[in-house]
Amino acid sequence: MGANCSIFEVGVIIMDESVIQNVLGLYEEKIDSLDISPKEKTALKLSLKDRYAKMRYDPGDAVGVVAAQSISEPATQTTLRSYHRAAGAGLNITQGLPRILEIFDARKVPVTPSMKIYLKKEYNNKDKAVEIASSIKETDLKHIMVMDSLDLANMALEVELDKGIIKQFNIIPDKIISAVKRKVKNVNASVDGNKLIFEIKKDKVTIKDLQALRFKLRDVHVKGIKGITHCIVERVGDEYVLYTLGSNLMKVSKIEGIDTSRLCSNNMFEIAEVLGIEAARNTLVMEIIETLRAQGVDTDVRHLLLVADAMTQSGEIQPIGRYGLSGSKSSVLARANFEETIRHLTDAAVYGLSDDLNGIVENVMIGKTAKVGTGLVDIAMKTQKKEKPKKVAETKE
Amino acid sequence: MSEVYVNGYFVGEHDSPLELIKALLEKRRKNQLPSTMNVAYHEDKDEVQVNIDAGRVRRPLIVVENGKPLMTEEMESKLEKREMSWDEVLKKNIVEYLDADEEENAYIAVSRKEVTPEHTHIELDSSLILGVAASVLVFPEKNRGDRLNYGSRMAVQAIGIPLQNFLQRDDTTYNVLVYPQVPLVKTDSMEAVGLESHPSGHNLVVAVSTFYGYNVEDALIINKASLDRGLGRSVAYRSFVTEFRRYWGGQEDMACIPDPSVKGYRSEEDYDMLDEQGIIEVESSVPEQGVIVGKISPLRFLGISKEIKMGLQNFRDNSLTISSGNSGIVEKVILTSDAEGNKIVSAVVRDTKTPEVGDKMATRHGQKGVIGLVVPEEDMPFTADGIVPDIIVNPHAIPSRMTVGQLLEIIAGKVGALAAKRINGTVFKGEEEKIRAALKYMGFRDDGKETLYNGVTGEKMEAPILTGITYYYRLYHLVSKKIHARSKGPVALMTKQPTEGRSKEGGLRLGEMEKDCFIAHGAPITLKERFGSDKVSIPVCKDCGVIAIEDHIKNRTYCPLCKNDVIVNVEMSYAFKLMLDELRSLLIYPQIVPESS
């Protein structure tokens, strides 16, 4: 390039040399420790720098398209089999393509919400782990009873409790009764050995009333955290880890003995609510990586980071698709090109919208050069005359 | 209480369904109830189904009682010698027919050897566990299951003799193999299926070897001399039909050699092959898009006055031509009429298709491939006996697909050819040891391998190569009917974009995802070039953003709204212009705002 030429301003940011230095600094020590001559060391550093510079994306590269292709091409090859046995003891957590879809569609609640709970050091033994697990797992009355039956003679409901379970979970019958009273009003309860007897405070009790009570009682929440249907203790390395089916981050994090710094859930929205959007972004990335890895797909993290950034940049998790990122594009034509063509075109007509033709799709549509890659740059030249240095001649499309 | 249904209608309930069924069956076997009756107990639904209606598919099975088949081996030989009739067997209830329902309750042994007291029936023959499609495969038990699936799927696509009366017919398309052979390695059910009288392949000498890279990726090397001798040669028939219609006003289509004054007249030599009736002579060769039947139709619209004044005949040429990509010799012409009495002319054109590079062939083991190279016989490898293979298959086709049956067929075919005997390859009936022993007895290695000599240099090849005979199908996927390329060509009227499809000489679509690839590579200028097929330059009013009117008579371009003539030419794809027009028809007013500069 001649002295009179310069890169036309199109928002190109030349990467600061210091960034490269920072990255290379990570390897500096390692290179210095190698058993090679100083000359070779400098050569190695130089070639490393060279490599790094080459690996960077050039200005104008369609990063988004590359990310999309890098994720979706291998995703088409993953199995459609959705369930996979995780954590040995039989928790079925959605995997594979359905899970990937679930993440990118940003569904409010995953099909199988799940948590991974680490324990604090002093609680890290089998007994404590099992105890915590049992305190997390949702226990309803139906889980701890042997049977319930109607006592038609006394117009009462008898619930026989399971001795073993009660002992194991350390549940006091009085506690159950208070739990029942919280949920169902107008009930008298008494304990008779293993049996709980419930009577309805009403003048004329019908069988229908008793039946209704019977089904209501079954779902009375006795112990644990609502929504967590399973909780399994697994030994991972020298640690005991709890895996759950069902997720409730807020409540679980309040339980004593839990290492809240490593507590995680696969429900991104819950994380965004409890821990904030940055945490949700990280979970998003981790979840995608994990599901892809499980299928043997090894996609570069940076593609996933880009997607996660795009999905969370508004401060809340946006899905990719009609109601999310694609639907919030600024260009009318780009939106019309994607989905709901008629709605976008009529809206544009009603509100008198205009399209500046800055995006890619719009330009492809109308047959213009899109502003990516080689289409991004224009040649501009300062005129030779010194009198009018400010006038710039543009080449036209 | 289980419910009892007869022919699907509820008739009552019964306490012990199993006893009911037992009693019914006993009565049927004593011929007190019709043998066409089938009884089944559905345990899951707790219901008894009794069926005596028509339309059920039933199959014969030998009855087993107390672990003993009622059909003794003695009876079997009697049946074979026709000393005993099938009716007798049925009458004695040695064999009974089960429908799909009753079959669910039966416990059927595949062979005599595995009969236990629990068994209720035994197959007439062990190969009957296979259906029609699978039963024509040889040594199926030695192949992986999916290969059988592929094998029987491809057998359907083989060119053979579909019908023996093909000379009398005029189907739209059909292929007939010229020298079909009955397979050397056969199955028992082939005769029943009709493949003995309608064979669809050839027994080819196969060598399992590489050949200068021309048979990688499942390609096949084929011997030129074998092709010349008629290997895989087939005749493709195609019929072309035209109808002579009558219109109101007494006008009608006419068959004739069109007069040069007729609208759309081709040229004199185009009508050369037609006789005075305008119908092509049998056995004349027709080129691509050649005329078969000369036909003139009345004009759909009367032309503009100029034409009428000039005294042109009010007819247009509507001759029947061969569609593009087809040519051949006229086999026969059929003259007939339809229900309304309109004359119909149908001409069958035949074309001989010799296998060429790109044609598809397959074995009965799901091993398909495309011809990669046709080699002159003198360059093909040969055995010490002077046997030159017809086909060379790449050995890489075998291990990953585990088609052991194919290897066995090669050996069995070789034995069959040497002993002039057909070998049985029915399921569970192939006798590998016997085949190998027979091959050894005839002086060959028992693994079928032979020393080959390089056809070009005459050198002995280092490794012995498996050579033998395999039955090959020629599948009807012929390159000559698929090959397609275009540079410029016809465009669709509405969009000005290239047409689609081979028959319309269409372009190959650069789709949505392909477009993304261009963008991902950062090459939008290349993309613009590729999408430029419908590029147009359109005059647009600078103020209104509306497409301007080009008046050639007044030689003026002006805006239809403001009559202004400040016009700029905007380049865009025609499809986009079309979209703008469509929006306008929806009363949406899309404006093009040219860049101000």
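How many salt bridges does the rule find across the interface of chain B and chain A? The count is 0. Keep in mind as you look around that this is a predicted model. Polar contacts do turn up: 3 residue pairs, both partners at pLDDT 80 or more, are in polar contact across the interface of chain B and chain A.

Now for the elements on the chain B side. Those that give two or more residues to the side touching chain A are helix H12 (512-520), helix H13 (524-530), strand S34 (567-573) and helix H14 (574-585) of chain B. Of what touches chain A, H12(B) gives the most, with 7 residues. By residue class, this side of chain B divides into 14 nonpolar, 2 polar and 4 charged residues.

Next, the extent of the interface. In terms of contacts, 20 residues of chain B meet 22 residues of chain A. The area buried between the two chains is about 1700 Å², and carbon and sulfur atoms give 69% of it. Within chain B, the residues that lose the most area to chain A are Ile519(B), Pro524(B) and Lys528(B), which together make up 29% of what that side buries.

Finally, turn to Asp44(B), in the loop that runs between strand S3 (38-42) and strand S4 (47-51) of chain B. Is Asp44(B) buried or exposed? Asp44(B) counts as exposed because its relative accessibility is 68%, and the cut-off for exposed is over 50%. For a sense of scale, Asp44(B) and Leu418(B) are 374 residues apart in sequence, with 57 Å between their C-alpha atoms.

Notes: Residues are numbered from 1 along each chain as its sequence is written. Chains are lettered from A and ligands numbered from 1 in the order in which they are written. This is a predicted model: local features need pLDDT of at least 70, side-chain atom pairs count only at pLDDT 80 or more; totals for chains, interfaces and linings use all residues. Side-chain values use heavy atoms; hydrogens and water are left out. Helices (H or I, at least four residues) and strands (E, at least two) are DSSP runs, numbered from the N terminus. Buried means under 20% relative accessible area, exposed over 50%, partly exposed in between (1.4 Å probe, protein chains only). Contact means heavy atoms within 4.5 Å. Buried area is the accessible area (1.4 Å probe) that two parts lose on being put together, summed over both. A salt bridge is a side-chain nitrogen of Lys or Arg within 4 Å of a carboxyl oxygen of Asp or Glu. A polar contact is a pair of N or O atoms within 3.5 Å; within protein, one must be able to donate a hydrogen and the other to accept it, and residues adjacent in sequence count only if both atoms are side-chain atoms. Ala, Val, Leu, Ile, Met, Phe, Trp, Tyr, Cys and Pro count as nonpolar, Asp, Glu, Lys and Arg as charged, and the others, Gly among them, as polar.
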